[in-house]
Amino acid sequence: YYSPDTVAFLDGEFVPAAQATCGVYAQSLHYGYAVFEGIRAYSTPAGTRIFKAEEHFERLHYSCRVIGLPLAYSVEELTRISYEVLERNGLTDAYIRPLVFAGAPNMSLKAASTSNVLVAVWEWGKYLGDQSLRLTVSPYERPNPKAVPIEAKVAGHYVNSIIASTEAKSRGYDEALLLDMHGNVAEGPGANFFFERQGELVTPPAGSILRGITRNTIIDLAREAGITVTERFFGPEELRTAEAAFMTGTAAEVIGIASVDEVTFERPFQQTIGGMLAQHYQALVTGQSVGVAL
Ligand code: PMP
């Protein structure tokens, strides 16, 4: 993620990434009380462009607000800082990781009154790769939204993601598919889920998912192309009637699903609605959104 030359932003300064550290008495480290974002910048004909910067930094503010963590930087400031971190590292196509954390020594369970802000960048390929994924329904459910604010991107929620993903891989699958507390399909550990049937798309509604910015973009692109997208609850058994499926996320982008446990999707991803939307998405983020057939 970083070399001796890498620069990160920490609390108002651009510093060597290796010096962007935090103490072991930080409240965030002990209790997972921190929030973050995952953002991508792309090289476009108009220069480096951070895709949906405003939406991501608005969500960072939302996440801070719901867990009561102060955030001293505006959406505009965070956007400007991110462009500067990219520039100082000579990166155009890159992943941007803002992290707001309670770094002060504090072992109490009282919300912190101050926070620290890190903006780190690194080059990152599609984090789930390019090949369609073999998913398995996880024995771990997504956290109960009445227990934690699941629509906020809180660091501690990712313990659920890590154990689900690791468990799926330990059984030979590429990734986990998590259900909600009612047994409905929710999402992957770091990506949203869609399935295709009879020319239409279905995706879980808000409730037990992170409402992905990529998910919103894909819903918009699909509807612009005249494709019906329905947000509704469904159980994993309904996937037997699905013709294709895919996942979306800033890091994963748009990635095909080859199977969910014993249910396999035979059509090559490129020939599915998801495959066409993946092309459209690439064109959009790289500022070349002309000439994509949908
Ligand atoms: N769900 C979870 C649990 C995630 O961590 C992510 C990645 N942020 C997503 C969905 C996709 O969200 P986005 O499209 O905003 O990256």
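Strands E3 (residues 34–36) and E6 run antiparallel and are joined by three bridges; two strands count as paired if DSSP finds at least two bridges between them. Helices (H or I, at least four residues) and strands (E, at least two) are DSSP runs, numbered from the N terminus. The model is a predicted one, in which local features need pLDDT of at least 70 and side-chain atom pairs count only at pLDDT 80 or more, while totals for chains, interfaces and linings use all residues. Residues are numbered from 1 along each chain as its sequence is written.

**Strand E6 and its partners**

- The partner of Arg 40 in E6 is Tyr 95.
- Between E6 and strand E7 (residues 116–122) there are seven bridges, again with an antiparallel course.
- Phe 101 has Asn 116 as its bridge partner in E7.
- Strand E6 spans residues 94–101 and is mostly covered, with seven of its eight residues buried. A residue is buried if 20 or more other C-beta atoms, placed from the backbone, lie within 10 Å of its own, exposed if 12 or fewer do, and partly exposed in between.

**Strand E15 and its partners**

- Strand E15 (residues 253–260) is likewise mostly covered, and six of its eight residues are buried.
- Strand E8 (residues 133–137) pairs with E15 in the parallel sense over three bridges, and Arg 134 has Ser 259 as its bridge partner in E15.
- E14 pairs with E15 in the antiparallel sense over four bridges, with Phe 246 opposite Gly 256 in E15.
- E14 and E15 form a hairpin that has three residues between them.
- Strand E16 (residues 263–264) pairs with E15 in the antiparallel sense over two bridges, with Ser 259 opposite Thr 264 in E16.
- The hairpin of E15 and E16 has two residues between the strands, and Asp 261 takes a positive phi near 50° there.

**Surroundings of the ligand**

- The ligand is surrounded by 13 residues, the closest being Gly 212, Ile 213, Thr 214, Gly 249 and Thr 250. A residue counts as near if its C-beta atom, placed from the backbone, lies within 6 Å of the molecule.
- Helix H5 (213–224) and strand E14 (244–249) are the elements that give two or more residues to this shell.
- H5 gives the most to the shell, with three residues.
- The shell divides into three nonpolar, eight polar and two charged residues. Ala, Val, Leu, Ile, Met, Phe, Trp, Tyr, Cys and Pro count as nonpolar, Asp, Glu, Lys and Arg as charged, and the others, Gly among them, as polar.

**Packing of H5 with H6**

- The axes of H5 and helix H6 (residues 273–285) come within 10 Å and cross at roughly 110°. Axes are lines fitted to C-alpha atoms, for helices over the stretch in contact, and angles run from 0 to 180 degrees between N-to-C directions.
- H5 and H6 are therefore roughly perpendicular to each other. Angles of 65 to 115 degrees count as roughly perpendicular, under 35 as roughly parallel, over 145 as roughly antiparallel and the rest as oblique.
- Thr 217, Ile 218, Leu 221 and Ala 222 of H5 make the contact with Leu 277, His 280 and Tyr 281 of H6, where contact requires C-beta atoms, placed from the backbone, within 7 Å.
- By class, this contact has five nonpolar, two polar and no charged residues.

Key: Contact = placed C-beta atoms within 7 Å.
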